[in-house]
Amino acid sequence: MIKPNDKKKGKKVEKIIIGRKELIDLPDLGVFSIQAKIDTGAYSTAFHCNDVYELREGKEKILCFKILDPSHPLFSNKEMQFKTYTRKKIKSSFGQFEKRFVIKTKLIIAGKEIMTEVSLSDRANLKYPVLIGRKVLSKGFIIDVTKVNLTSKIEKK
């Protein structure tokens, strides 16, 4: 793996080369080695969830959702709950704006741990359950669109 140097505020920044698809982990959600599409056209990261709703407990709101859906091999039917979340207007891949719930969670790509915002989206009709956008990619990655799963091959060496 080639790691070209770049200068950022006087520091050398190692850039990691990744492919157009990579296996990633979302450890806070209990999801490991899930295929993600690397998309420089997308700003943020999106993750496929279903049965997303807000629950009220007194004055407190809790976001509830299930990771993936029954057709995905990693689906566990486990309900996740987050007390800290937002709702944002996000442009979908079809060019339409949607209001989506957004959580902050840990994402691991190429062995690099990044705390990032992830929008919860219905990606059932799309090929990849996770989309990684520029917000994460700007943290030191270069994309080689001719390759896939570069980092999983490197980590096994």
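Me: Let's start with Thr 45. Which strand holds Thr 45, and how are strands assigned?

Reply: Strands are DSSP runs of E with at least two residues, while helices are runs of H or I with at least four residues, and both are numbered from the N terminus. Here Thr 45 belongs to strand S6, residues 45-57. A word on the source: this is a predicted model, where local features need pLDDT of at least 70, side-chain atom pairs count only at pLDDT 80 or more, and totals for chains, interfaces and linings use all residues. Residues are numbered from 1 along each chain as its sequence is written, and side-chain values use heavy atoms, leaving out hydrogens and water.

Me: Is Thr 45 buried or exposed?

Reply: Buried means under 20% relative accessible area, exposed means over 50%, and partly exposed lies in between (1.4 Å probe, protein chains only). Thr 45 has 2% relative accessibility, so it counts as buried.

Me: And which residues does Thr 45 touch?

Reply: Contact means heavy atoms within 4.5 Å. Leaving aside residues up to four places away in sequence, Thr 45 touches Leu 107, Glu 117, Val 118, Ser 119, Val 130, Leu 131, Ile 132, Gly 133 and Val 136.

Me: How many aromatic pairs does a search of the whole structure find?

Reply: Rings of Phe, Tyr and Trp (its six-membered ring) pair if their centres lie within 6.5 Å; planes under 30 degrees apart are stacked, over 60 edge-to-face, and the rest tilted. The search finds 2 aromatic pairs. Phe 65 and Phe 82 are stacked, at 5.8 Å centre to centre with 25° between the planes. Phe 65 lies in strand S7 (residues 60-67) and Phe 82 in strand S8 (residues 79-82), so this pair ties together parts 17 residues apart in sequence. Both Phe 65 and Phe 82 are buried. Tyr 85 and Phe 101 are edge-to-face, at 5.8 Å centre to centre with 70° between the planes.

Me: What sits over the ring of Phe 101?

Reply: A charge sits over a ring if NZ of Lys or CZ of Arg is within 6 Å of the ring centre and within 35 degrees of the ring normal. For Phe 101, that is the charged end of Arg 87, 4.4 Å from the ring centre. Likewise, Lys 112 lies over the face of Phe 141, 5.4 Å from the ring centre.

Me: Finally, how many disulfides are there?

Reply: A disulfide is a pair of cysteine sulfur atoms within 2.5 Å. The whole-structure search finds 0. Cys 49 is buried at 4% relative accessible area, and Cys 64 is buried at 0%.
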